[in-house]
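Here is a briefing on one protein model.

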Amino acid sequence: MWFALFLFCLLLRYMPSFSSVKGVLPISCRSNPYQYVHDTFRRNNYVINHKFISNDTRFITIPYEVKQNMMWNNASICNTATFLLLVYFVHVRDLERRNLIRQYVKQGMIVDGKKINYVFVVASPLRKKEVLHDINEENTKNGDILLSVHEDNYPNITITHLDAMLWVRDYCKETVFVARVDGDVWIHLGNLIHYLKSIQPYRYYGGGMPWSGIIEHGAVYRSIHTIPFDFPAQRWTANVGGAILYSRDVIPFINIGTQYMEILLPLSDDNTIGEILSRAGIKPSAKPRDYTLYTHFYTNTSIVNNTVFQHGIKDIQLLKEIYSNYSSVYLIPYNLQLQFC
C-alpha cells in the first residue's frame with residue numbers, strides 16, 4: 001500500500017497537470033514517520049482514543065495530549081556522538097542537588113569511550129513567575145534544563161515523564177540509550193556504560209525493578225487514587241523505580257501509545273509507560289549477569305562494586321558524601337579498575 005502511494009506521489013511530481021484535473025482531489029504525500037508505531041499497536045488489537053470515562057470523583061484524570069509541552073533554550077544538547085542521554089528528574093526548587101550532579105556529570109563527558117549528555121527536567125505552571133525567573137537564570141548559565149509546564153504535584157508526575165520522552169523523541173534522535181533518573185539516584189557511570197555497550201540497542205527496556213501484578217479497583221498510593229473504583233481490574237507489567245533505561249527506538253512508542261490506552265495513571269508513571277510498551281510487545285528486559293543494575297539505599301548500606309544505579313539517597317549531605325567517596329572510581333567499570341591501580 002505504501003509503495004503504491006509512493007509511486008502515485010512520483011506521478012504527481014512529474015505530471016503536475018494531473019493534480020489539476022477537474023474532479024481529482026489533491027492527496028497529501030507527506031508520510032508519517034511514526035506510522036510503524038501505530039501499525040504495531042493496531043496489529044496487537046488496540047484502537048486509538050478508546051477512553052474510559054470514570055464516575056469516581058476521587059480519581060484525577062491526566063489531561064495529556066501528544067504535543068510539545070517543554071520550555072527550554074532550544075540549544076542543541078545531543079549530537080551524532082551521543083551514546084547515552086541522562087534525563088534527571090529533580091524538583092524545581094532543588095538547585096543544590098542539580099549543582100551537585102553537575103559537579104560530577106559533565107555535558108559531553110567521555111566514559112569508557114562513549115559520550116554522555118544530560119538534561120534536568122523540572123515542572124512548574126507559568127503563573128509562578130518567581131520560579132520561572134530562577135529557572136531561566138539557572139538555564140542561562142548552564143543550558144541544561146527542560147521545564148514541563150503544568151502544576152507540580154504527585155499526580156502530574158506522569159505528565160512530566162511523558163513530556164520528557166516526547167522531547168527526547170523530537171530533539172535527541174541521535175542518542176543510542178536514554179536513562180530516566182530521579183534526583184536521589186547515584187550512578188556508577190563506568191559500570192552503566194560498560195553494561196550498555198554489551199547489549200543490543202533494540203527494543204531494550206531495563207532498569208528499575210521488574211513488576212507485574214493486578215492493580216485492584218480504587219488502588220491508592222501516597223494518598224492518590226491511581227485507579228478509579230469503576231475501572232476493570234487488569235494486570236500491569238512494568239519496570240518501576242528511580243532509574244529506567246530505554247534504547248532510543250523504544251521512545252516513539254511511549255507518547256503515541258498514550259492514544260491506545262483507556263486510562264493514564266496519575267503518579268504511577270512507570271506503570272503507565274510499562275503498560276504502553278507491553279501493548280507494543282516491548283517487555284522488561286532480563287537483568288544483567290555481571291551487574292547489579294538497580295538497588296535501593298538504606299542506612300549504613302555499602303555500595304557494592306558492580307552497582308549501576310543506587311536509589312533512595314534523599315539526604316543531600318549523604319549524597320554529597322557518596323559522590324565524594326566514589327569520585328575516583330565511578331567512571332571506571334568495576335572489572336577494569338585493577339588495570340588502573
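How many cavities of 30 Å³ or more does the structure hold? The structure holds 1. This is a predicted model, where local features need pLDDT of at least 70, side-chain atom pairs count only at pLDDT 80 or more, and totals for chains, interfaces and linings use all residues. Residues are numbered from 1 along each chain as its sequence is written, and side-chain values use heavy atoms, with hydrogens and water left out.

**Cavity**

- The largest cavity has a volume of about 30 Å³. On a 1 Å grid over the protein atoms alone, a cavity is a set of points where a 1.4 Å probe fits but cannot get out. Grid points are joined across faces, edges and corners, and a volume is the space filled by probe spheres set on the points.
- Its lining consists of Tyr 88, Val 105, Ile 187, Leu 189, Tyr 323 and Tyr 330. Lining residues have an atom within 4 Å of a point.
- By class, that lining has 6 nonpolar, no polar and no charged residues. Ala, Val, Leu, Ile, Met, Phe, Trp, Tyr, Cys and Pro count as nonpolar, Asp, Glu, Lys and Arg as charged, and the others, Gly among them, as polar.

**Pockets**

- The largest pocket has a volume of about 1300 Å³. A pocket is an open set of points with protein on both sides within 12 Å along at least five of seven lines.
- Its lining takes in 41 residues. Nearest its centre lie Tyr 154, Ile 157, Asp 182, Arg 222 and Leu 267.
- Several elements each supply at least two residues of this lining, including β4 (114-123), β8 (205-215), β11 (234-247) and α8 (269-279). Helices (H or I, at least four residues) and strands (E, at least two) are DSSP runs, numbered from the N terminus.
- The lining of the largest pocket divides into 17 nonpolar, 14 polar and 10 charged residues.
- The second largest pocket holds about 300 Å³ of space. It is lined by 18 residues, and Lys 51, Thr 61, Ile 62, Glu 262 and Leu 264 are the closest to its centre.
- The lining of the second largest pocket has 10 nonpolar, 5 polar and 3 charged residues.

**Disulfide**

- The count comes to 1 disulfide, a pair of cysteine sulfur atoms within 2.5 Å.
- Cys 78 is joined to Cys 172, with S to S at 1.9 Å. The link is left-handed, with -95 degrees about the S-S bond.
- Cys 78 sits in the loop between β1 (70-71) and β2 (82-89), and Cys 172 in the loop between α5 (157-171) and β6 (177-182), so the pair ties together parts 94 residues apart in sequence.
- Cys 78 is buried, at 3% relative accessible area. Cys 172 is buried too, at 0%. Buried means under 20% relative accessible area, exposed over 50%, and partly exposed in between (1.4 Å probe, protein chains only).

**Overall fold**

- The protein has 9 helices and 13 strands.
- Of its 341 residues, 51% count as buried.
- Among contacts (heavy atoms within 4.5 Å) between residues at least 6 apart in sequence, 78% join residues at least 24 apart.

**Backbone**

- Most residues other than glycine have a negative phi.
- Asn 74 has a positive phi of about 60 degrees. Asn 74 lies in the loop between β1 and β2 and is exposed, at 59% relative accessible area.
- Asp 112 has a positive phi near 50 degrees. Asp 112 lies in the loop between β3 (109-111) and β4 and is partly exposed, at 22%.
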